[in-house]
Amino acid sequence: MLTQVDPATGQVSGTASAPPDSSTPADIGTVTATGSGGLGAPPQPGTAAFVAPSRAPLDASQPTSIVGQHFIDHSIVPTQNYDSIIKFSPSVQNIEPVGAGLQQNFLETIRSFNYRQFNTTFDGLVLPGTISSFAPQTEAYFMAHDIGSVRVDRGPGTASTIGYATFGGTVDIQSKQPLDSFTVNPFSTVGSYNTVLTGVELDSGARPELNGARGYLDLQALDSDGYLTGTSTTRRNAFSKIEIPVGDNTLITIVGMDNTSFNHTPIGATLAQIGRLGANYGLSQDPTSQAFKGYNADHYSADFEYVRIKSNLGDGWGIENTPYTASYYHRNIVGLDPNGTTPNLTGRYFVNGDATTLTDAVPGRAAHSDFRDWGNVLRVTKDTAYGQARAGLWFDNDAAGAYRTNILLSQNDVAYTKTATGSAADYDYHTTLRTYQPYFEFALQPVPGLVITPGLKYTSTTRYLDAAINQTTKVPAKFSETYAALQPAIDARYAFAKGLVGYAQVAKGFLAPPLGVLQTTQPQSLSPQQTWNYQIGGTWQKDRFTVSGDLYYIDFSNRIASQTIAGTTFYSNGGGAIYQGIELEGTYRMIRGLSLYGNATLNDAHYKHSTTTLANAPNRTAALGPILDLNNFSASLLGKYIGKQYGIDQPTNTYLIKSYMTADFAMGYVLPILNGRKLNFRLNVNNIFDNNSLIGLNQLAADGKTGLYWTDPGRSVFFTLSASL
């Protein structure tokens with residue numbers, strides 16, 4: 001039998017297993033459930049770690065924070081998405097100008113890496129991004145009620161950490177576990193902006209006649225007007241999870257999700273508009289304006305499914321295989337330059353091939369972008385006398401298409417051109433992204449308490465583009481480019497004593513260029529983005545406190561900078577950059593039921609040989625607040641501070657966003673009723689001090705100068721009632 005050291009105790013015990021990782025399901029040598037349980041030993045009620053809004057686990061070999069189900073159930077507005085759940089974690093910036101989970105996240109960063117530069121995974125599977133980037137649309141997938149925990153790895157992980165952009169970290173969403181007993185859970189949230197969320201979850205409980213199989217179905221409906229004027233959200237979501245034991249050594253997990261959303265979507269407002277019309281100005285009620293609510297709308301439809309088979313084969317062998325698929329269908333119309341500087345059309349244009357004289361006609365665009373993604377993750381482990389060997393392969397194929405055409409919004413969306421022979425289309429193309437990522441690593445245990453894990457991953461990403469009308473060039477194009485790299489990684493984790501763990505890590509990161517690189521006359525003009533990540537840190541955990549800290553240094557080569565002007569994103573090679581900083585996080589239980597949480601980070605991200613800081617890179621973040629958790633009553637008041645940053649970094653820093661702070665209050669009570677049933681009452685007040693600061697630059701207007709900004713949503717109040725019957 002292979003011995004290992006429990007990271008929480010430092011004691012030698014049992015058969016070795018894979019240390020839980022954001023993208024490596026826990027211990028496939030021993031059959032375990034997929035979901036929020038795969039995070040090592042959960043903290044016990046009454047401890048500081050249990051109530052912490054964010055905590056570092058003892059199994060981590062890199063800077064990591066976990067937001068557990070207790071905090072999600074007691075402090076998060078049920079309308080929120082996974083990006084909202086992690087907003088109090090170290091080095092995280094989250095921007096939701098419409099309100100708590102009421103539309104997509106318009107800007108999220110971790111250590112100044114934007115959402116295109118870190119992974120988002122669900123139960124260890126990579127969530128596919130939109131056509132133009134690797135980032136998923138947050139509102140298109142999972143809702144808070146189906147999330148058991150979210151793990152934020154602020155680093156590249158080991159070689160077995162799969163994904164496009166591991167160097168920026170991984171946000172791993174873990175699904176909630178099915179309950180062991182039959183339960184009906186109706187719930188509803190009502191509150192600000194005419195927000196109404198209703199839903200019901202049906203749990204089968206463990207079925208003895210099916211060898212303990214269990215599962216649940218969760219149905220939700222969300223409607224809201226949103227904080228910004230002219231905006232709205234209509235969302236319908238269904239989620240199901242089933243676990244089926246097969247014998248004593250195999251577990252089959254089946255997950256399915258379907259989501260549809262319809263939004264009137266804002267694009268930011270100028271400083272003049274915010275000053276004249278208020279911080280909550282988003283879209284107008286004027287049908288002669290490109291910013292008219294009826295002219296700016298998005299419809300999303302998405303699904304996500306997987307089947308995971310996890311088996312203990314005996315003699316130290318474990319295997320896990322997970323085929324999956326996902327889709328994303330997006331239809332939208334938008335003004336040509338909403339809230340910007342472009343005037344309406346007056347003069348001679350062509351409609352349906354006929355010359356037409358227009359007078360103050362409202363120009364806009366209609367677009368669609370669709371993809372179907374499918375892939376497979378295979379993982380194999382083998383316990384040996386020296387440690388655990390791990391090998392695997394991630395394969396992913398993402399086939400997509402996109403089209404955008406110029407239309408007259410004020411004339412029933414008819415297409416128009418400027419010349420008799422011109423095309424109304426901006427672009428029309430199909431593209432495929434195909435990724436192969438095999439890996440091998442070995443978790444070596446040379447002495448009690450020490451685990452050293454060297455590994456090697458190979459990533460090969462190929463982009464295919466077949467464009468009838470290529471974006472930017474407006475002519476046909478057909479390209480394919482392959483980007484590949486070997487990615488070595490090594491980390492060491494040592495248990496100094498019970499509850500005291502230190503770690504160090506060195507790893508290489510890689511990210512293929514975005515699709516926009518192929519949509520030029522020189523498709524090979526930008527090289528892949530690569531990094532070397534260096535990190536050191538540790539965690540100390542007792543019943544009364546949990547504290548962690550780390551130092552990081554990241555050398556970034558070929559950083560691809562981007563700038564969005566009137567809805568079109570342009571890319572350039574920004575050159576090399578350095579990311580470095582210090583992160584601290586902790587929770588202290590002061591007296592029974594009352595704890596204090598806090599974190600603080602200093603983050604520096606700048607171009608090499610320059611004092612220019614990177615865009616959307618706050619120079620510091622912090623969070624602080626008390627948490628009360630006593631019997632059936634809970635409450636928290638948590639503040640989040642974001643330091644100053646700039647909206648644009650090329651060629652110099654411009655569009656300053658000053659530092660700001662916001663605070664959220666939550667209070668809840670669980671009322672026991674007959675036979676273990678209960679009612680749960682909750683009050684959430686977000687942005688309790690009603691701060692309306694500028695919080696981000698969304699894009700520039702068509703003139704390339706006028707900034708369109710986001711403001712912090714004003715104070716909002718939400719009431720939630722749920723029952724377990």
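This is a predicted model: local features need pLDDT of at least 70, side-chain atom pairs count only at pLDDT 80 or more; totals for chains, interfaces and linings use all residues.
Q: In which strand does Ile-254 lie, and which residues is Ile-254 in contact with when its neighbours within four places in sequence are left aside?
A: Ile-254 has its place in strand β15, which covers residues 250–264. Glu-243 is 11 residues away from Ile-254 in sequence, while the two are 6.5 Å apart in space, C-alpha to C-alpha. With neighbours within four places left aside, the contacts of Ile-254 are Ser-240, Lys-241, Ile-242, Ile-244, Tyr-306 and Val-307.

Q: Which element gives the largest share of the lining of the second largest pocket?
A: The second largest pocket has a volume of about 1200 Å³. Of the 46 residues that line this pocket, the closest to its centre are Gln-69, His-70, Asp-73, His-74 and Lys-176. Elements that give two or more residues to the lining include α1 (48–51), α2 (69–75) and β9 (147–153), and the largest share, 5 residues, comes from α2.

Q: How many nonpolar, polar and charged residues does the lining of the second largest pocket have?
A: For this count, Gly is placed among the polar residues, whereas Tyr, Cys and Pro count as nonpolar. Sorted in this way, the lining of the second largest pocket has 20 nonpolar, 17 polar and 9 charged residues.

Q: Is Ser-91 buried or exposed?
A: Ser-91 has a positive phi of about 65° although it is not a glycine, and its place is in the loop between α3 (82–85) and β4 (92–95). Its relative accessible area is 3%, and because this is under 20%, Ser-91 is buried.

Q: What is the relative accessible area of Asn-211?
A: Asn-211 has a positive phi, near 60°, and is a residue other than glycine. Asn-211 is found in the loop between β12 and β13 (214–224). This residue is partly exposed, with a relative accessible area of 44%.

Q: Is the peptide bond from Gln-650 to Pro-651 cis or trans?
A: Most peptide bonds are trans. Pro-651 is located in the loop between β33 (645–648) and β34 (654–657). The bond from Gln-650 to Pro-651 has omega near 0°, and this peptide bond is cis.

Definitions and conventions. Residues are numbered from 1 along each chain as its sequence is written. Side-chain values use heavy atoms; hydrogens and water are left out. On a 1 Å grid over the protein atoms alone, a cavity is a set of points where a 1.4 Å probe fits but cannot get out, and a pocket is an open set with protein on both sides within 12 Å along at least five of seven lines; lining residues have an atom within 4 Å of a point. Grid points are joined across faces, edges and corners, and a volume is the space filled by probe spheres set on the points. Helices (H or I, at least four residues) and strands (E, at least two) are DSSP runs, numbered from the N terminus. Buried means under 20% relative accessible area, exposed over 50%, partly exposed in between (1.4 Å probe, protein chains only). Contact means heavy atoms within 4.5 Å.
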